[in-house]
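I opened the notebook to look up how the chains are built and how their parts meet. The entries follow in the order in which I worked.

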Amino acid sequence: MKKLLTVLFAVCMILSLAGCAKKEEPAPAEVFDPSAKSEGVMTYAEYAAAALGDEVVVEGFVQAAQSYWNGAKLYLQDPDGAYFVYCDGKGEDVDISEDDFAKVVVSTDYSDGWVGQGTGAKVQVKGVKSEWSGEVEIADATVTVLDSETWLAEAEDVTALLGKDELADKMNRFVKFSNMTVEASKDADGNDVAFLYNWDGSGTPGSDLYFNVSDGNATYNFVVESYLCYDGSEVYDAVEALNIGDVVDLTGYLYWYNGANPHITGISKK
Amino acid sequence: MRKILLSFVSLLIVLSLFGCHGSRGSAAFEIPEDFDETRSYEITFWAKNDTNINQVNVYKKAISDFEDIYPNIRVSLKLYTDYSRIYNDVITNISTNTTPNVCITYPDHIATYLTGNNTVVCLNDLLEDEKYGLGGSEVRFDAPKKDEVVKEFLQEGMIAGDYYALPFMRSSEALYVNKTYVEKLGYELEDIISWDKIFEISEAALAKDGDDNYLVNGQKVMIPFIYKSTDNMMISMLKQLGAPYSDDEGNILIFNDMTRDILYEIAGHARSQAFSTFKISSYPANFLNAGQCIFAIDSTAGATWMGSKAPLLDIPEDQLVDFETIVMPIPQYDENNLQMISQGPSLCIFNKADPQEVLASWLFAQYLISNDVQIAYSKTEGYVPVTYKAQSDPVYQDYLNADYDEKEHYQVKIEASKLLIDHISDTFVTSVFNGSASLRDAAGSLIENTCKSARRGESIDDAFFDALYEKVTSLYHLDQSSAVSADRDLGPLPVTSKALLSVLAFAWICIAFYYFRSIRKDSR
């Protein structure tokens with residue numbers, strides 16, 4: 001009987017202790033806001049309003065990058081806009097270490113097929129807003145990798161903006177072009193071909209790939225930038241396999257060179 | 001017996017030490033007695049073009065024609081559009097011994113390649129070999145002889161006293177002028193323009209109307225003076241002033257007061273935005289052709305892009321403005337002592353284990369300076385053949401003097417070529433050494449940084465230049481460059497060194513002897 005009583009008391013005590021315990025309120029989870037900026041950092045709207053030549057401080061998420069050895073040009077984006085961080089490859093224009101660069105791209109194995117896919121790492125960039133042949137970019141930049149969650153943009157379909165001035169508002173963003181038809185380019189012998197190595201066909205495999213696509217109204221010249229997507233990468237091979245008349249969806253970064261000159265990173269045949 | 005053994009061992013050690021001196025990763029190339037035509041050879045040629053399909057076609061035809069002459073040699077072509085990428089690839093491939101056989105390059109880059117052991121073939125003997133040298137008796141095509149190569153251009157391939165590069169094409173820089181706008185501004189152009197005058201006209205071109213349009217072109221954009229290659233700009237200005245830049249020993253002399261004076265001058269015109277550069281603004285040709293630039297300095301090898309009727313265009317045709325384009329020497333400080341840089345691609349040959357393969361490479365390189373290739377390639381841009389033989393060829397003379405109504409005879413391109421031909425004796429090159437490529441980059445960087453800071457309204461004063469000199473020295477490792485030894489045989493060791501090594505060897509032997517003797521004693 002005594003044993004039974006003891007066990008009963010013990011159970012009561014345990015239950016009472018459990019009842020007394022204050023229920024722990026879970027700490028409110030910090031919601032990740034990819035639009036949030038550190039103190040003193042410009043919003044995209046402030047950056048867009050800044051004059052050329054102004055010093056700027058921005059934060060964005062690395063969507064892609066050209067090879068470190070070719071200048072480590074960075075394609076940044078946040079939910080409000082995009083930025084292109086320029087480097088001429090001689091170490092003067094972008095101050096980012098090789099170690100930090102490895103944190104912002106998925107791979108630094110620069111063998112055939114390398115693609116400068118970004119990890120979505122957040123970086124802070126201090127530099128000067130500049131323009132080169134219509135491309136608005138940040139030059140003389142110092143890049144700091146921040147301790148933050150990553151963020152990658154969804155491609156925004158801008159097909160309807162082709163040929164319109166509003167397209168420039170999307171400059172440098174990750175974009176999509178739908179139902180585009182591959183148009184002929186002329187090779188050195190005047191033959192119709194689906195793509196060219198270099199703008200005039202003066203390159204060889206490994207050079208930039210240029211090809212024409214039409215939205216039904218006009219023809220546009222797109223490029224697979226060879227420092228962003230090496231020969232042997234999926235997109236490079238896919239463009240080499242294009243035929244005139246193919247209908248394709250394309251994704252890439254809305255680079256500018258005397259007009260829209262998207263750096264294509266993805267292509268799918270319809 | 002023990003003494004004899006000891007003496008023998010010490011002799012071996014000393015001899016082995018001598019053997020280490022000047023050891024090489026691969027043997028130096030020696031010309032074979034005969035070219036073995038019973039064998040087949042596969043050689044690689046890494047070539048650079050100016051993103052110009054016509055140049056690619058010249059390379060392809062040259063290879064095809066050469067293979068017809070030498071059916072046992074197959075040449076595979078790899079194309080590049082910038083020198084720095086070839087340079088990077090060569091550096092990468094030196095370590096894996098997978099360099100090309102023949103490569104287009106700059107002598108500055110060869111100076112770096114030479115830091116490897118016998119990586120690049122020394123051309124001294126090849127140039128003069130009776131059988132396989134330039135125009136040699138066993139060469140199967142009409143090749144130029146050594147004295148038919150333009151002397152100044154051949155000299156440019158000399159590094160540390162030896163020939164390592166064969167000139168392929170030569171160009172210089174030219175001033176492409178919108179004469180229509182110069183005259184609209186009320187100026188007359190002399191045959192040679194001074195730096196003062198070009199800056200004066202450039203400043204005058206900045207006048208605007210009440211709607212913020214530039215008076216001279218009625219547009220919102222006008223950059224009166226754009227220089228493509230700011231490293232050439234600095235080097236040329238220093239040369240014209242007789243100011244130091246570097247010397248043959250690889251000493252860096254650029255950081256002097258005359259450089260500072262030049263930068264002060266440039267800063268003023270960068271601040272007003274009368275002057276800009278390719279890196280800051282973009283290609284001079286694009287602005288010139290759109291009527292947004294009056295003075296564009298670029299290579300003579302970029303002439304086909306210059307002018308509103310240029311065969312090659314990089315801007316939409318609806319942006320073109322009609323104007324008269326003239327070609328002049330770059331601005332000068334002393335119009336009686338013209339100085340313009342000589343540049344352009346050279347050829348180098350990489351060493352291989354098989355001397356026959358190297359000889360096949362040499363024959364191909366030699367073919368590239370034969371008349372057919374030289375004339376065809378020079379027609380693609382404002383290049384000049386590197387041989388007197390090609391320059392005097394009736395086909396080339398006809399090209400220079402033909403009517404100016406075809407794309408091939410585009411007037412601006414022809415004038416650019418003639419500019420260099422007429423001024424070959426006024427051209428110069430800078431010293432080549434391990435680090436000269438970095439110094440060249442640094443020279444341009446001084447101008448670029450000065451321009452950027454001036455445009456941003458920063459103070460340009462002595463403190464700015466002190467900091468800039470320090471930054472550029474560090475960034476381009478200019479405190480680490482050195483003259484090229486060109487991997488020459490270092491010769492026998494000096495007697496003092498031999499004596500010192502012998503003493504060291506003897507000391508080690510004594511130590512070993514004492515050690516083994518003590519072991520033997522202990523074991524007893």
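This is a predicted model: local features need pLDDT of at least 70, side-chain atom pairs count only at pLDDT 80 or more; totals for chains, interfaces and linings use all residues.

Residues are numbered from 1 along each chain as its sequence is written, and chains are lettered from A and ligands numbered from 1 in the order in which they are written.

**Entry: a sheet of chain B**

I looked up the strand order of an open sheet of five strands in chain B and found β2-β1-β3-β13-β6, with mixed pairing. At its edges stand β2(B) and β6(B) (166-167), each with a single partner strand, so one side of each is left without a neighbour in the sheet. The partner of β6(B) is β13(B) (residues 346-349), and the two are antiparallel, with two bridges between them. I also located L166(B), which stands opposite L347(B) of β13(B).

Contact here means that the C-beta atoms of two residues, placed from the backbone, lie within 7 Å. Helix α2(B) lies across β1(B) (41-48) and β2(B), and runs at about 170 degrees to β2(B). Helix α3(B) (residues 83-95) lies across β1(B), β2(B) and β3(B) (102-105), at about 135 degrees to β3(B).

**Entry: another sheet of chain B**

I then traced an open sheet of five strands in the order β9-β8-β10-β7-β11 of chain B, again with mixed pairing. Its edge strands are β9(B) and β11(B) (325-328), each of which pairs on one side only, and the twist from one strand to the next averages 25 degrees. Strand β7(B) (residues 173-178) pairs with β11(B) in the antiparallel sense over four bridges, and I found T325(B) of β11(B) as the bridge partner of N178(B).

**Entry: helix α10 of chain B**

I checked the length of α10(B) (residues 257-271): its 15 residues reach 21 Å from the first C-alpha to the last, close to the 21 Å expected at 1.5 Å a residue, where the expected span is 1.5 Å times one less than the number of residues. For burial I used counts of other C-beta atoms (placed from the backbone) within 10 Å of a residue's own: 20 or more is buried, 12 or fewer exposed, and in between partly exposed. Among the buried residues of α10(B) are T259(B), I262(B), L263(B) and H269(B). Their cover includes α8(B) (195-204), α9(B) (230-241), β9(B) (275-277), α18(B) and α19(B) (462-475). Just after the helix, Q273(B) takes a positive phi of about 70 degrees.

**Entry: domains of chain B**

The domain bounds come from an automatic or database domain assignment, which divides chain B into domain 1 (2-21 + 506-523), domain 2 (41-170 + 344-391) and domain 3 (173-341 + 426-475). Taken over C-alpha atoms, the centres of domain 2 and domain 3 of chain B are separated by 32 Å. Their contact takes 14 residues from domain 2 and 12 residues from domain 3. On the domain 2 side, α4(B) (residues 107-113) gives the most, with five residues.

**Entry: where the chains meet**

I found 21 residues of chain B in contact with 19 residues of chain A. On the chain B side, α2(B) (53-69), β2(B) (73-80) and α18(B) (436-455) each supply at least two residues, and α18(B) gives the most, with four.

**Entry: chain A**

Chain A has four helices and 15 strands, and 37% of its 270 residues count as buried. I looked up S133(A), whose phi is positive at about 50 degrees although it is not a glycine, and placed it in the loop between β5(A) (122-132) and β6(A) (135-145). S133(A) is partly exposed, with 16 other C-beta atoms within 10 Å.

Note on methods:
Two strands pair if DSSP finds at least two bridges between them. Axes are lines fitted to C-alpha atoms, for helices over the stretch in contact, and angles run from 0 to 180 degrees between N-to-C directions.
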